[in-house]
Amino acid sequence: MSLHDIAARAMHVLDPEDAHRLTIRLLAMGLGPRARGDDPILATQVAGLRLPNCVGLAPGFDKNAEVFGPMLASGFGFVECGTVTPLAQAGNPRPRLFRLSEDRAVINRMGFNNEGLEPFAARLARRGPGVVGANIGANKDAEDRVADYVTGLTRLWGLASYFTINISSPNTPGLRALQTKAALEELLGRLAQARDALPAAGRVPMFLKVAPDLEDGEVEAIVETVVANGLEGIIVSNTTISRPQLASKFAGETGGLSGAPLTALSTRMLGAFAQAAGGRVALIGAGGIGSGQDAYAKIRAGASAVQLYSAMVFGGPGLVTRIKRELAACLRRDGFASVAHAVGAN
């Protein structure tokens with residue numbers, strides 16, 4: 001176990017949100033781990049993005065685009081920052097973040113707490129090489145939430161490697177209603193118009209991030225709307241409002257559940273999207289990834305790349321290196337020459 005992993009475990013004596021803030025500060029000071037070069041079998045391309053490896057950092061960790069550089073250096077193939085909203089907002093009252101250690105899970109009801117677009121944009125403007133995405137959302141009290149997404153896209157154009165449209169957080173009242181067909185058509189239509197009006201030379205992919213709590217009919221409707229409006233991909237999935245059997249005393253807390261209990265649900269939902277999409281858009285798998293085997297299952301279900309966050313709470317900063325090593329072993333064991341060859345193998 002590395003010194004960084006020991007330090008990560010020691011953080012568990014702190015309140016989860018305080019521990020996270022301290023982690024960000026330490027990373028910003030240059031005290032994070034540094035990974036060696038990637039195994040070539042893990043290199044891939046997703047919606048035109050060239051990734052040194054297919055394992056990305058999910059949003060929520062680096063909300064304000066403060067430490068994407070150190071996280072790339074730690075071994076992630078790409079980093080997604082945010083969720084960022086046009087105006088700064090405090091989010092929901094604390095406590096709002098809970099470790100369910102017995103379940104290797106997390107419940108959060110953060111509520112899009114962030115510093116707003118301007119500090120986020122200023123930090124992205126100074127970024128170096130590497131794929132860094134921007135996860136954009138709407139302010140809680142916005143009169144026109146669709147306009148907030150357009151504002152985020154426009155302000156960060158040319159600064160982010162890709163954009164993720166987050167309409168699937170359960171912690172902003174009414175946000176998930178944007179996943180319904182009529183609302184989604186308006187949102188993606190206005191975003192597509194806005195992107196078409198921006199400099200073509202800076203055109204970057206847009207992904208839609210969806211919840212795992214969807215019915216089969218909703219999956220098909222979302223896919224068709226994404227395809228019709230020219231988005232490049234879908235990220236499956238965000239946290240769940242469902243509650244499987246949990247052992248922790250925090251099991252009854254409201255908010256989105258992530259971590260190990262989400263693995264099976266998110267992978268099933270990913271498979272449903274893969275079947276509905278039929279290769280027309282790229283898929284990124286998220287939700288409950290804690291091992292190379294979990295990542296491999298997402299890839300075989302149809303994901304071209306994966307993202308994780310919650311498992312780092314329990315696995316420490318060395319987790320990404322272990323996941324990549326295990327994933328490479330799974331690919332070679334089954335005779336795949338690359339990640340791309342394994343996508344959708346199920």
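Tutor: A crossing of two helices is left-handed if the near helix is turned anticlockwise from the far one by less than a right angle, and right-handed if clockwise. In this structure, the crossing of α9 and α11 is right-handed. The model is predicted, so local features need pLDDT of at least 70 and side-chain atom pairs count only at pLDDT 80 or more, while totals for chains, interfaces and linings use all residues. Residues are numbered from 1 along each chain as its sequence is written, and side-chain values use heavy atoms, with hydrogens and water left out.

Student: At what angle do α9 and α11 pack?

Tutor: Axes are lines fitted to C-alpha atoms, for helices over the stretch in contact, and angles run from 0 to 180 degrees between N-to-C directions. Helix α11 covers residues 319–333 and packs against α9 at about 55 degrees, with the axes 7 Å apart. Angles under 35 degrees count as roughly parallel, over 145 as roughly antiparallel, 65 to 115 as roughly perpendicular and the rest as oblique. The helices α9 and α11 are therefore oblique to each other.

Student: Which residues of α9 and α11 make the contact?

Tutor: Contact means heavy atoms within 4.5 Å. On α9, the residues are Gly292, Gln293, Ala295, Tyr296 and Ile299; on α11, they include Ile323, Leu327 and Arg333.

Student: How do the axes of α8 and α9 cross?

Tutor: The axes of α8 (residues 263–277) and α9 (residues 292–301) come within 8 Å and cross at roughly 20 degrees. That makes α8 roughly parallel to α9. The crossing of α8 and α9 is right-handed. Among the residues in contact are Leu270 of α8 and Lys298 of α9.

Student: How many aromatic pairs does a search of the whole structure find?

Tutor: Rings of Phe, Tyr and Trp (its six-membered ring) pair if their centres lie within 6.5 Å; planes under 30 degrees apart count as stacked, over 60 as edge-to-face and the rest as tilted. The search finds 5 such pairs. One of them joins Phe78 and Tyr162 edge-to-face, at 6.4 Å centre to centre and 65 degrees between the planes. Phe78 lies in strand β4 and Tyr162 in strand β8, 84 residues apart. Ring pairs also link Phe78, Tyr162 and Phe207 into a cluster.

Student: Are Phe78 and Tyr162 buried or exposed?

Tutor: Buried means under 20% relative accessible area, exposed over 50%, and partly exposed in between (1.4 Å probe, protein chains only). Both Phe78 and Tyr162 are buried. A tilted pair is formed by Phe98 and Phe250, 5.5 Å centre to centre with 40 degrees between the planes. Phe98 counts as buried because its relative accessibility is 6%, whereas Phe250, at 26%, counts as partly exposed.

Conventions
Helices (H or I, at least four residues) and strands (E, at least two) are DSSP runs, numbered from the N terminus.
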